[in-house]
Amino acid sequence: MSSLRGQANHALYLGRILLQSWEQAQGAESLPAHLLAQAFGPAVRQHLLRAYGWFLLDLQKPAQLPAEPPACVAALPPTAPGKAQPAELTEFAQLEADGWLAPLLQEPGAETPRRSEGSLAATASGLPDRTELQSIADRLDAAFSRMGDLLDEC
């Protein structure tokens with residue numbers, strides 16, 4: 001396994017830890033669900049985006065790595081001259097456009113968060129909920145395994 005794939009797996013693992021903690025906190029019912037979504041949602045999303053970006057870099061294997069992983073296929077460094085773009089990147093680009101990756105890549109709403117009457121906390125806006133983030137994490141894990149196995153065979 002490459003170090004890039006290791007970084008992707010580590011970021012995915014961190015996201016899963018947060019998802020589990022979010023689920024436990026939601027089960028405890030000590031805080032409103034919208035506050036938990038505000039606390040956990042952006043952090044989970046960030047870990048999943050980093051996992052995805054590191055995996056994209058592992059697929060592309062650019063000559064020079066960026067300091068931070070890209071958030072999408074379009075943000076990858078240019079492919080080296082004479083090197084074909086892996087088909088997996090084309091698959092991911094399609095999933096970003098209209099598949100299960102689209103909600104992850106969508107920037108949270110730029111509108112000002114609304115406050116609940118009598119509450120200082122703003123409601124979460126534009127982020128996938130815990131169930132959707134869990135589904136995305138599961139699908140990333142499956143894609144990493146499937147595509148990683150194919151890469152290892154080459």
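## Basis

Buried means under 20% relative accessible area, exposed means over 50%, and partly exposed is in between (1.4 Å probe, protein chains only). By that scale Glu29 is exposed, because its relative accessible area is 68%.

This is a predicted model, in which local features need pLDDT of at least 70 and side-chain atom pairs count only at pLDDT 80 or more, while totals for chains, interfaces and linings use all residues. Residues are numbered from 1 along each chain as its sequence is written, and side-chain values use heavy atoms, with hydrogens and water left out.

## Fold

The protein chain has 5 helices and 0 strands. Helices (H or I, at least four residues) and strands (E, at least two) are DSSP runs, numbered from the N terminus. The order from the N terminus is α-α-α-α-α.

The protein chain holds 154 residues, and 34% of them count as buried. Of its contacts (heavy atoms within 4.5 Å) with a separation of 6 or more, 63% join residues 24 or more positions apart.

## Nonpolar core

A nonpolar core is a set of buried Ala, Val, Leu, Ile, Met, Phe, Trp, Tyr and Cys residues joined through side-chain atoms within 4.5 Å. The largest one has 34 residues. Trp22, Leu48, Phe92, Leu101 and Leu140 touch the most other members. Two or more residues each come from α1 (3-28), α2 (33-60), α3 (87-98) and α5 (130-153). The largest share, 13 residues, comes from α2.

Take Leu48. Residues up to four places away in sequence aside, Leu48 touches Leu12, Leu104, Leu133, Ile136, Ala137 and Leu140.

## Helix packing

Axes are lines fitted to C-alpha atoms, for helices over the stretch in contact, and angles run from 0 to 180 degrees between N-to-C directions. The axes of α1 and α2 come within 7 Å and cross at roughly 165°. So α1 is roughly antiparallel to α2. Angles under 35 degrees count as roughly parallel, over 145 as roughly antiparallel, 65 to 115 as roughly perpendicular and the rest as oblique. The crossing of α1 and α2 is left-handed, meaning that the near helix is turned anticlockwise from the far one by less than a right angle. Their contact residues divide into 20 nonpolar, 6 polar and 3 charged. Here Ala, Val, Leu, Ile, Met, Phe, Trp, Tyr, Cys and Pro count as nonpolar, Asp, Glu, Lys and Arg as charged, and the others, Gly among them, as polar.

For α2 and α3 the angle is about 150°, with the axes 10 Å apart. This pair is therefore roughly antiparallel too. On the α2 side, Tyr52, Phe55, Leu56, Leu59 and Gln60 make the contact. On the α3 side, Glu88, Leu89, Phe92 and Glu96 do. By class, there are 6 nonpolar, 1 polar and 2 charged residues.

Leu59 lies in α2. It counts as buried, because its relative accessibility is 4%. The C-alpha atoms of Leu59 and Arg5 are 8.9 Å apart, across 54 residues of chain.

Arg50 also lies in α2. At 26% relative accessibility, Arg50 counts as partly exposed. Beyond residues up to four places away in sequence, Arg50 touches Ala11, Glu68 and Pro69. Its C-alpha atom is 6.1 Å from that of Pro69, 19 residues apart along the chain.

## Positive phi in the loops

Most residues other than glycine have a negative phi. Glu29 is not a glycine, yet has a positive phi of about 55°. Glu29 sits in the loop between α1 and α2.

Lys61 is not a glycine either, and has a positive phi of about 50°. Lys61 belongs to the loop between α2 and α3. At 44% relative accessibility, Lys61 counts as partly exposed.
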